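Please consult the sequence and the structure below. The briefing that accompanies them is arranged by topic.

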Amino acid sequence: MPEIYPVTKFRFGVTALDFEASFAQISGLREEIEVVDMRDGTDPFQVRKIPGLRQGGETTFTKGVVTNPAQIVNWFRSMKRLEQGFRRDIRIEVRGREGPQPANGHSRPAYADYKGLPIQREITLISAWPSAYEMGDLDAKESEVALESLTVAFDSMTVNHRVSQSPLV
């Protein structure tokens, strides 16, 4: 029986409508359903928990500053101006390890990304818009990479398992 390894968290890609970007870190991938306490007058001495409103979240994307591709800065700028089309769906692909080649003669599975690595999860942030931009600390005594962060708010999130094409959420 082949060994099954968990998916690592260091292989992922991001696409947002008109641009594809590389990020060093993505944090805050979370969506919530409010928990409501409820009790009818005829219930025994117990409070029940029922689902309430669904709430989107905020996710932060962090990347190294590069000289030319300024898509995230331009997107934030368009939000500040309230230009039409500032809301976008953002697709995050969590990629797995290189797997065996399929027996059907194809060079890679249909659910694989451009590098041939299988996509294990596809997370889509629905109707996202930039809510904060941050340029990381600058220090003349450090040789670390300069980082910038973009925080986006979103209405909802879907998570799909690409291999079976069945949604998890």
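The following points cover the fold, the surface and the salt bridges.

The model is predicted. Its chain contains one helix and eleven strands, and 32% of the 169 residues are buried. The salt bridges number ten.

**Fold and surface**
- Along the sequence, the elements are arranged as β-β-β-β-β-β-α-β-β-β-β-β.
- Among contacts with a separation of 6 or more, 68% are between residues 24 or more positions apart.

**Glutamate 148 and lysine 63**
- A salt bridge joins glutamate 148 to lysine 63, with 3.7 Å between the closest N and O atoms.
- This pair links distant parts of the chain, since glutamate 148 belongs to strand E9 (residues 147-154) and lysine 63 to strand E6 (residues 57-64), 85 residues apart.
- Both glutamate 148 and lysine 63 are buried.

**Glutamate 122 and arginine 91**
- The closest N and O atoms of the salt bridge between glutamate 122 and arginine 91 are 3.5 Å apart.
- Because glutamate 122 is in strand E8 (residues 119-135) and arginine 91 in strand E7 (residues 88-95), the pair ties together parts 31 residues apart in sequence.
- Glutamate 122 is buried, at 13% relative accessibility, whereas arginine 91 is partly exposed, at 31%.
- A network of salt bridges links Arg91, Glu93, Arg95 and Glu122.

**Glutamate 32 and arginine 30**
- The side chains of arginine 30 and glutamate 32 form a salt bridge with an N to O distance of 3.2 Å.
- Glutamate 32 is partly exposed, with a relative accessible area of 38%, while arginine 30 is exposed, at 52% relative accessibility.

Methods:
Residues are numbered from 1 along each chain as its sequence is written. This is a predicted model: local features need pLDDT of at least 70, side-chain atom pairs count only at pLDDT 80 or more; totals for chains, interfaces and linings use all residues. Side-chain values use heavy atoms; hydrogens and water are left out. Helices (H or I, at least four residues) and strands (E, at least two) are DSSP runs, numbered from the N terminus. Buried means under 20% relative accessible area, exposed over 50%, partly exposed in between (1.4 Å probe, protein chains only). Contact means heavy atoms within 4.5 Å. A salt bridge is a side-chain nitrogen of Lys or Arg within 4 Å of a carboxyl oxygen of Asp or Glu.
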